[in-house]
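Hi,

Here is the structure for you to look over. My notes follow below it.

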Amino acid sequence: MRILLTGASGFIGQHLLHALLAEGHDVVCAVRHPERAGMLPDHPRLTAIQADFANDTDKSTWLARLTKVDAVINTVGIFRERGSQTFANLHTRAPRALFAACAESDDVHMVVQLSALGADDAADTAYHLSKKAADDYLASLPVRAVIVQPSLVYGADGASARVFKAMASLPFAARLGDAPQLVQPIHVDDVVAAIVTLLRRRLHLDRPVEPVDALSGDGTVRRIALVGPQALPFVEYLATLRRALGMGRLRVLPLPGSVARLLARLGGWMPGALLDPDALRMLDRGNAADPGPTLRLLGRPARTIASFVVDPGAERARAKLDWLLPILRLAIAFVWIATAIVSAFVYPAADSFALLARSGIPHALGPSMLYGAALFDLLLGVGTLFLRRRRWLWRLQLLLIGFYTIVIALRLPEFLVHPYGPLTKNVPMLAAIWLLAELEKEDK
């Protein structure tokens, strides 16, 4: 078939793209920046077109893209809103426009909507409600469609899996409140295999899609929960990952529900935080379902959590770095900010001016140099905390510390042999910043 795939540059979309090409399908990838689609494989049966779910909310826009397209798979999704990337746009408005165009198209014969487990009548968060709105609209249209609703999806290259492995490798895990918090993780390979199987059955219409519940009157739309073979509490999921990483027993710190809600509210104010009030509500509600439909669709049991980790040594090291490096970054930011405060407000200004004079700074420039340097240190610390792209910042810090070290060693040589080691301690500081610079380079 010729398939339009949205979200092809995302986590599940990338895995699905490779599987579709391996199945022999022609794939049209709808991405925001096709000119920068370097993450897409170079393949003769792949083409990329420009599409932006934040803006493409009109049916006519999508209808023009569906010529000679046999099937549409929508995998676009976000967990946290950012700018124009909102739940309303990406989960509801743009998918509705796409689905309406599919229903009107003479070519499209099947739609697969990647939704989320929990996008049902009990949904009470913006994430689930926005997914449900698109699902229900698709169910009302006269088009053959399947709505797949996976639980937590694990993949070694997935952002959430990386976070969960980091949490599993911590000295202890926090249990947030008293709710069971059941989850039923499924491997991304099984999610992809399920969608590929649905497409195969579309090509052989004598094999019906396994339904969980019919959403449309003519029976053309189905909703299927994709889950792993076992439902377990979230902290037990972390404990199972920890064992798979080759680590010992997970220590659990129980936190009262009031404390959990307070932490969630604080997380809501922190950009990129995994925990916010909606995330806590979804966790408390649980994310599990009957594994039977997944088993019958795959024709085999889904992978167990214990088999998720393929390379325990490498993944264990990466998991630990994912929480140790942020601590190291916070420590470096603290050094810069504390240095700025001490230099400007705590250490006697007269003594600072004397040291600057011995370093070759004219007395008249002493105040501007002292307070200018303190302000610069403060900016370095704040930038270390909040800037998303820090590679240039690490280089600047390396140069500045190196410059300070050389000047002080030449002009104030007594600090080289000072028992508190004010200069020698720059060596591990330089090594730590270099480490952060190199590892962040690898993550780009």
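Where does Gln181 lie? Gln181 sits in the loop between strand E8 (172-176) and strand E9 (182-183). Helices (H or I, at least four residues) and strands (E, at least two) are DSSP runs, numbered from the N terminus.

This is a predicted model: local features need pLDDT of at least 70, side-chain atom pairs count only at pLDDT 80 or more, and totals for chains, interfaces and linings use all residues. Residues are numbered from 1 along each chain as its sequence is written, and side-chain values use heavy atoms, without hydrogens and water.

**Positive phi**

Most residues other than glycine have a negative phi. Gln181 is not a glycine, yet its phi is positive, about 55°. Lys68 is not a glycine either, and has a positive phi of about 60°. Lys68 is in the loop between helix H2 (59-63) and strand E4 (71-74).

Gln181 is buried, at 2% relative accessible area. Lys68 is exposed, at 62%. Buried means under 20% relative accessible area, exposed over 50%, partly exposed in between (1.4 Å probe, protein chains only).

**Thr125**

Thr125 is in the loop between strand E5 (110-114) and helix H4 (126-139). Thr125 is buried, with a relative accessible area of 0%. Leaving out residues up to four places away in sequence, Thr125 touches Asp278, Arg281 and Met282. Contact means heavy atoms within 4.5 Å.

**Helix H1**

H1 covers residues 11-22. Its buried residues include Ile12, Leu16 and Leu20. Gly24 follows H1, with a positive phi near 95°.

Best wishes

Terms used. The expected span of a helix is 1.5 Å times one less than its number of residues.
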